[in-house]
Amino acid sequence: MLKNLSKMREIESRVIGKLKEDEQYEGWWESDFINIPFFDGKKLKITFLDLEDEKDLKEADLAIERFLQKGKIEREAISNLVYRNCMENLEGVGYNEFNEKLWDIKDEKEIWKFVYPSGIEVTKRPYKEQDMYVQICCECEWEIEHGLQIIYRQGKQVTRVSYIDGHITEADAYGKPDWKDELLSKFKE
């Protein structure tokens, strides 16, 4: 029988240890600070959101375990996506002196100098396949108000890079089918 997690104040992740329920948000469990290899060991809190039962907890653990195996090589491999997000934003607002250092980037890998991770969330997609996703929330110098999110489906493969808008997939954000979502449609089990 699956245990309902909604009434628990603490849950135990086999990957990251104890998570305590947030005092403000029911169903949000937060870890202590964890070393994140993707960001060269920077310590961030990981939050599991809206898990319903032990099955969800096992899926969240598997997703975060896969993500925590990613390091600098995997981060640099998606530099083009983060750089593209930056350039699309800059083109939308036009040139100004404040953003000159971003316009002057010569190597896409330099984009990470302007990205500041703030936390990681693991949650289910509320629509369609309801898979588990790892959302990396960041501040960045080109989108001060909305920041940057990098999302990995099942912790395995990047499926979205965008400003933080409350949506896990591009398909959900814009009401389109999954097969029309550029990154999500490339996901391989």
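Visitor: How many bridges join strand E1 to strand E2, and do they run parallel or antiparallel?

Guide: Keep in mind that this is a predicted model. To read a strand pair, look at the bridges and then at the direction. Here 4 bridges join E1 (residues 10-13) to E2 (residues 17-21), and the two run antiparallel. Glu12 sits opposite Lys18 of E2, and a hairpin of 3 residues connects the strands.

Visitor: What joins E2 to E3?

Guide: Antiparallel pairing again, with 2 bridges between E2 and E3 (residues 28-36). Lys20 has Glu30 in E3 as its bridge partner. This hairpin has 6 residues between its strands, and Gly27 in the turn shows a positive phi of about 85°.

Visitor: Which residues have the most contacts inside the largest nonpolar core?

Guide: They are Ile36, Phe48, Phe67, Trp142 and Ile150, in a core of 45 residues. Elements giving two or more residues to this core include E3, E4 (42-49), helix H1 (54-68) and helix H3 (79-93). Take Ile36 as a case: leaving out residues up to four places away in sequence, its contacts are Gly41, Lys42, Leu44, Ile46, Phe67, Leu68 and Ile120.

Note on methods. Residues numbered from 1 in each chain as written. Predicted model: local features only at pLDDT ≥ 70, side-chain atom pairs only at ≥ 80, totals over all residues. Heavy atoms only, no water. Pairing = 2+ DSSP bridges. Core = buried A, V, L, I, M, F, W, Y, C linked by side-chain atoms within 4.5 Å. Buried < 20%, exposed > 50% of the residue type's maximum accessible area, 1.4 Å probe, protein only. Contact = heavy atoms within 4.5 Å.
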